[in-house]
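Hi everyone, thanks for making the time. I'd like to walk you through one structure today, so please have a look at it on the screen.

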Amino acid sequence: MVKKNKEDRTGWVAVQPEYSSRSSNDQPASVRPATSAYQFFQREMTATIQAELSSSGEASDVGSLTKAVSSRWQTLDSVRRSRYEDMAREDKLRFLKESHQRDVEMMQRQERLRREREEIIVADDGRRSTRS
């Protein structure tokens, strides 16, 4: 078996590509997903339930905590549950609004890139020129 020597890359320098279709400052920010009513309830009640579990001597690991939160959610009366459902409804509206705004920004970006591609022509000798 013949061993090959690895190529020496110590002199290499990383460079940014001249044209990148995925420039980080050009991309619109991602949209945070909508939060469900159960997730709002879970965030609010986790610390309380965890304290109750540890004070009663029960295990307060993730599995036990999740079961306790879930059982409380299932036994929650409709009046208290409606509060969390309203919060979820508002967050869904926020999500839809932000998603729509991001879609509009992406379409504008795609249109701008399309126009730029149509304007730039690379000549045979490697120089750039524009259509006239």
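Let me start with how the chain folds back on itself. Among contacts in the protein chain between residues at least 6 apart in sequence, 63% join residues at least 24 apart; contact here means heavy atoms within 4.5 Å.

A quick word on what you are looking at. This is a predicted model, where local features need pLDDT of at least 70 and side-chain atom pairs count only at pLDDT 80 or more, while totals for chains, interfaces and linings use all residues. Residues are numbered from 1 along each chain as its sequence is written, and side-chain values use heavy atoms, with hydrogens and water left out.

Now the overall layout. The protein chain has three helices and two strands, and along the sequence they come in the pattern α-α-α-β-β. Those are DSSP runs numbered from the N terminus: helices are H or I with at least four residues, strands are E with at least two. Of the 132 residues, 17% count as buried. By buried I mean under 20% relative accessible area; exposed is over 50%, and partly exposed is in between, with a 1.4 Å probe and protein chains only.

After H1 comes Gly57, with a positive phi near 85 degrees.

Is Thr35 buried or exposed? Thr35 is buried, at a relative accessible area of 5%. Leaving aside neighbours within four places in sequence, Thr35 is in contact with Phe40, Arg43, Ala88 and Asp91.

On to the charged pairs. Side chains of opposite charge can pair when their charged atoms come close. How many salt bridges does a search of the whole structure find? The search finds eight, taking a salt bridge as a side-chain nitrogen of Lys or Arg within 4 Å of a carboxyl oxygen of Asp or Glu.

Arg83 and Glu44 form one of them, at 2.9 Å, N to O. This pair links distant parts of the chain, with Arg83 in helix H3 and Glu44 in helix H1, 39 residues apart. Arg72 forms another with Glu52, where the closest N and O atoms are 2.2 Å apart. Here too distant parts are linked: Arg72 is in helix H2 and Glu52 in helix H1, 20 residues apart.

The last pair is Glu98 with Arg94, again 2.9 Å, N to O. Because they are four residues apart in helix H3, about one helical turn separates them. Glu98 is partly exposed at 33%, whereas Arg94 counts as buried at 18% relative accessibility. Salt bridges that share partners join Arg32, Asp91, Arg94 and Glu98 into one network.
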